[in-house]
Amino acid sequence: MLIAEPLLAKALVVLLAVLLAPAAGIVLSPRLRALAPPALAERLAFVFARRVDRQGRSPAALAWRGGVVCLLLGLAGFGLGALAEHAAAFHPQGWLLLPALLAACLSPLGPIGDGRRVLRLLEERAAVDAAQRRILPAQTIEQTAAALNGGLIAPLFWYGLLGLPGVGAYTALAAVERAAAARGASAFAEAPQQVAVLMKWLPGWITGLLFLAASLFVPQCSPGRALRSLIGAIRRPGWIVANPAIAIVAGALQAELANHRSSAARGGNFAVG
């Protein structure tokens, strides 16, 4: 019973946050959305990246600096999350503060828009086949899976595992990864990218299984091929499934991965099969 009560409380917080996040994204003005933790963390990460990732440094020095930035901002996010959770525990209305803070760290509207584009592709599947089996928009498939994983499933996963400190650390580290990616090809981005892959790996499996379950209810989808696509991708040499949802969505759409290297886990190409 002692274990069931915290689990029930966390489940209630997650449910309220998932309901609040889309409404907040629609109702709040862009200025207020810019004060959300992910936006603040991203601005701070860009400041660190500009100051640390400078020309003239050796690749080893840049890689070391990228790791230090990850460590510092990750610890800062973890500490702020712990402080917020501690404050909520002693506040009379703390049960409302937790879902509000968690909802502020979620980004569900982007994946919803991308998902709608994928659904339109599914509805037009016959037209795609008739048009000489054209290539499906790989960016839409990848961005839907990656955005749903990184903006919704991963924050909820880390909240369930570590509470608000886990969400704070994930939000900060995801911001560092985005800032490093925006700097272009640099040794500074190595550590942030590796940390991001690790933090999104287990949530990626959850996202993939959710897509697999959803494919059961869409007539144009092929759940069996989605599962075979994932298994086949895992068996191929050199493939690291950083986001299993990408392989599952490609299989559900009866598409095949064209590039199986781990470096393409973030930007693989898909061709209709």
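Colleague: Let us begin with R178. At what relative accessibility does R178 stand, and what does R178 count as? Please go on from there to its surroundings.

Modeller: R178 has a relative accessibility of 33%, so it counts as partly exposed (buried is under 20% relative accessible area, exposed over 50%, and partly exposed in between, with a 1.4 Å probe and protein chains only). Before we go further, this is a predicted model, where local features need pLDDT of at least 70, side-chain atom pairs count only at pLDDT 80 or more, and totals for chains, interfaces and linings use all residues. Residues are numbered from 1 along each chain as its sequence is written, and side-chain values use heavy atoms, leaving out hydrogens and water.

Now to the partner of R178. R178 forms a salt bridge with E42, and the closest N and O atoms of the two are 3.0 Å apart (a salt bridge is a side-chain nitrogen of Lys or Arg within 4 Å of a carboxyl oxygen of Asp or Glu). R178 sits in helix 9 and E42 in helix 3, which covers residues 37–52, so the pair ties together parts that are 136 residues apart in sequence. Helices here are DSSP runs of H or I with at least four residues, strands are runs of E with at least two, and both are numbered from the N terminus. E42, too, is partly exposed, because its relative accessibility is 26%. The structure holds one salt bridge, and the pair of E42 and R178 is a salt bridge.

Helix 9 spans residues 164–182, and E177 lies in it. Leaving aside residues up to four places away in sequence, E177 touches P192, Q193, A196 and K200, where contact means heavy atoms within 4.5 Å.

A182 is also found in helix 9. A182 counts as exposed because its relative accessibility is 52%. In sequence, A182 and A49 are 133 residues apart, but from C-alpha to C-alpha they are 9.4 Å apart in space.

Next, look along helix 10, residues 190–215, for W201 and W205, which are four residues apart, about one turn of the helix. W201 is partly exposed at 38% relative accessibility, and W205 is partly exposed with a relative accessible area of 24%.

Finally, step back to the whole chain. It has twelve helices and two strands. Read along the sequence, the pattern is α-α-α-α-α-α-α-α-α-α-α-α-β-β. Among contacts between residues at least 6 apart in sequence, 72% join residues at least 24 apart.
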